Amino acid sequence: MATEGAPMADGDVRTRDKRGQWVNEVEGHPERSESYSGKEEAIEAGAALAEELGSTHTVEDAAPTGVITDPGD
């Protein structure tokens, strides 16, 4: 897993919170992006996708919003 804020190369996978929903975005390939209701599910899927693509996986942490999709609330 890469350091948050590092520049992303083509095919790198970023897992982040997007208004209470967790998404995996693939740099340069928006058609490969997917969304998830939980953080852990998104992280696991993002890591697997990055491994499949032979790329780097980065997770951007987000502060809890109180939205029902935030894990642990």
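Analyst: A residue is called buried under 20% relative accessible area, exposed over 50%, and partly exposed in between, using a 1.4 Å probe and protein chains only. This is a predicted model, in which local features need pLDDT of at least 70 and side-chain atom pairs count only at pLDDT 80 or more, while totals for chains, interfaces and linings use all residues. Residues are numbered from 1 along each chain as its sequence is written, and side-chain values use heavy atoms, leaving out hydrogens and water. Gly-46 is a case of burial, with a relative accessible area of 0%.

User: Which residues does Gly-46 touch, residues up to four places away in sequence aside?

Analyst: Contact means heavy atoms within 4.5 Å. By that criterion Gly-46 touches Val-13, Thr-15, Asn-24 and His-57.

User: Where is Gly-46 found, and which residues of that element are buried?

Analyst: Helices (H or I, at least four residues) and strands (E, at least two) are DSSP runs, numbered from the N terminus. Gly-46 lies in helix H1, residues 39–53. The buried residues of H1 are Lys-39, Ala-42, Ile-43, Gly-46, Leu-49 and Ala-50. Seen down the helix axis, they fall within an arc of 135 degrees, so they line one face of H1; the arc is taken from the directions from the axis to the C-beta atoms. The face turned away from this buried side carries the exposed residues Glu-40, Glu-44, Glu-51 and Glu-52.

User: How many salt bridges are found in the whole structure, and which residues do they join into one network?

Analyst: A salt bridge is a side-chain nitrogen of Lys or Arg within 4 Å of a carboxyl oxygen of Asp or Glu. The search finds five. Arg-14 meets Glu-25 at 3.1 Å, N to O, and Glu-60 at 3.7 Å. Glu-25 counts as buried at 16% relative accessibility, whereas Glu-60 is partly exposed at 26%. Through shared partners, Arg-14, Arg-16, Glu-25 and Glu-60 form one network.
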